Amino acid sequence: MPITILDYVKSVVGDKPLYTAEDCLTSGVDIIGGCQICGATIGCYNAYPSTTGYWRCAGCIGQDGFATIADFTAHPSMANCPTCGNADTISETRITTSEHAEEYALECGDCGEVWQP
Ligand SMILES: [Zn+2]
Ligand SMILES: [Zn+2]
C-alpha cells in the first residue's frame, strides 16, 4: 500500500504512541479530510495522499499514491500555504526579489499569501 498522511506525520514529528491534531498541524496537514473520488470522510491515519494533490481513501487511491515519504515530499503539488495551510489553491507565480531579479514563488488563492518554497 502507498503511504498514508499519518506516515508522513510520523516522519515529521517522530515515533509516538499517539498522534494528535497538533502533530498534524505541525506537519502541515489536516487531521480530517474527504476522499477526492468517493467523498468519504477520512482521518490522517487512513487518508492516502495522491499525486493529484488530494487525499483519497484506501479504496480509491489505486496507483495514484506515493510509495515513500521522499516521493511524497518531493512532489510539488503537495505544497501547503504556510499561513492558512490550504493545499488546493496554490499556484505558481514570480516575485521581484531585487531590482533586476525575479524568482519562482507560490501563491495561495485562499488567503493571498506569497512565499518561496
Ligand atoms: Zn474514496
Ligand atoms: Zn493561504
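Me: What arrangement do the four donor atoms around the zinc ion (ligand 1) make?
Reply: Tetrahedral, because the angles they subtend are 102 to 116 degrees. Keep in mind that this is a predicted model.

Me: Which residues are the protein donors there?
Reply: Cys35, Cys38, Cys57 and Cys60, each through SG. They lie 2.3 to 2.4 Å from the zinc ion (ligand 1).

Me: What spacing do those donors follow along the chain?
Reply: C-x2-C-x18-C-x2-C. Cys38 and Cys60 link distant parts of the chain, 22 residues apart. Cys38 is in the loop between strand S1 (32–34) and strand S2 (41–43). Cys60 is in the loop between strand S4 (55–56) and helix H3 (69–74).

Me: Is Cys35 buried or exposed?
Reply: Buried, with a relative accessible area of 5%. Cys38 counts as partly exposed, at 47%.

Me: OK, next metal. Which residues are the protein donors of the zinc ion (ligand 2)?
Reply: Cys81, Cys84, Cys108 and Cys111, again through SG. They lie 2.2 to 2.3 Å from the ion.

Me: And what arrangement do the four donor atoms around the zinc ion (ligand 2) have?
Reply: Tetrahedral, because the donor atoms subtend angles of 104 to 119 degrees. For reference, the ideal angle for four tetrahedral donors is 109.5 degrees.

Me: How are the donor residues of the zinc ion (ligand 2) spaced in sequence?
Reply: C-x2-C-x23-C-x2-C. Cys81 sits in the loop between H3 and S5, and Cys111 in the loop between S6 and S7, so this pair ties together parts 30 residues apart in sequence.

Me: Is Cys81 buried or exposed?
Reply: Buried, with a relative accessible area of 3%. Cys111 is partly exposed, at 39%.

Me: Let's zoom out. How many helices and strands does the protein have?
Reply: Three helices and seven strands. From the N terminus on, the elements run α-α-β-β-β-β-α-β-β-β.

Me: What box do the C-alpha atoms fill?
Reply: Roughly 50 × 30 × 25 Å, taken along the principal axes.

Me: What share of the residues in the protein is buried?
Reply: 32% of the 117 residues. As for contacts between residues at least 6 apart in sequence, 31% join residues at least 24 apart.

Me: Now the open sheet. What order do its three strands have?
Reply: S5-S6-S7, with antiparallel pairing. Strand S5 (90–98) and strand S7 (114–115) are the edge strands, and each pairs on one side only.

Me: How many bridges join S5 to strand S6?
Reply: Eight, with S6 covering residues 101–108. Ser91 stands opposite Glu107 in S6. Thr96 stands opposite Glu102 in that strand.

Me: Over how many bridges do S6 and S7 pair?
Reply: Two, in the antiparallel sense. Leu106 has Trp115 in S7 as its bridge partner.

Me: What comes between S6 and S7 in their hairpin?
Reply: Five residues. Gly112 in that turn has a positive phi of about 85 degrees.

Me: Switching to rings. How many aromatic pairs does a search of the whole structure find?
Reply: Two. One is Tyr8 with Phe72, with ring centres 4.8 Å apart. Their planes are at 80 degrees, so the pair is edge-to-face.

Me: Where do Tyr8 and Phe72 lie?
Reply: Tyr8 is in helix H1 (residues 5–13) and Phe72 in helix H3. The pair therefore ties together parts 64 residues apart in sequence.

Me: Is Tyr8 buried or exposed?
Reply: Tyr8 counts as buried, at 15% relative accessibility. Phe72 counts as buried too, at 3%.

Me: And how do the rings of Phe66 and Phe72 sit?
Reply: Their centres are 5.4 Å apart with planes at 65 degrees, so that pair is edge-to-face. Phe66 is buried, and so is Phe72.

Me: Which residues do the ring pairs link into a cluster?
Reply: Tyr8, Phe66 and Phe72.

Me: Great, that covers my list.

Key. Residues numbered from 1 in each chain as written. Chains lettered and ligands numbered in written order. Predicted model: local features only at pLDDT ≥ 70, side-chain atom pairs only at ≥ 80, totals over all residues. Heavy atoms only, no water. Buried < 20%, exposed > 50% of the residue type's maximum accessible area, 1.4 Å probe, protein only. Donors = N, O, S within 2.8 Å, 3.2 Å for Na, K, Ca; no water. Tetrahedral: all angles 85-135°; square planar, octahedral: opposite > 155°, others 65-115°. Helix = DSSP H or I, 4+ residues; strand = E, 2+ residues; numbered from the N terminus. Pairing = 2+ DSSP bridges. Phe/Tyr/Trp six-rings, centres within 6.5 Å; stacked < 30°, edge-to-face > 60°. Contact = heavy atoms within 4.5 Å.
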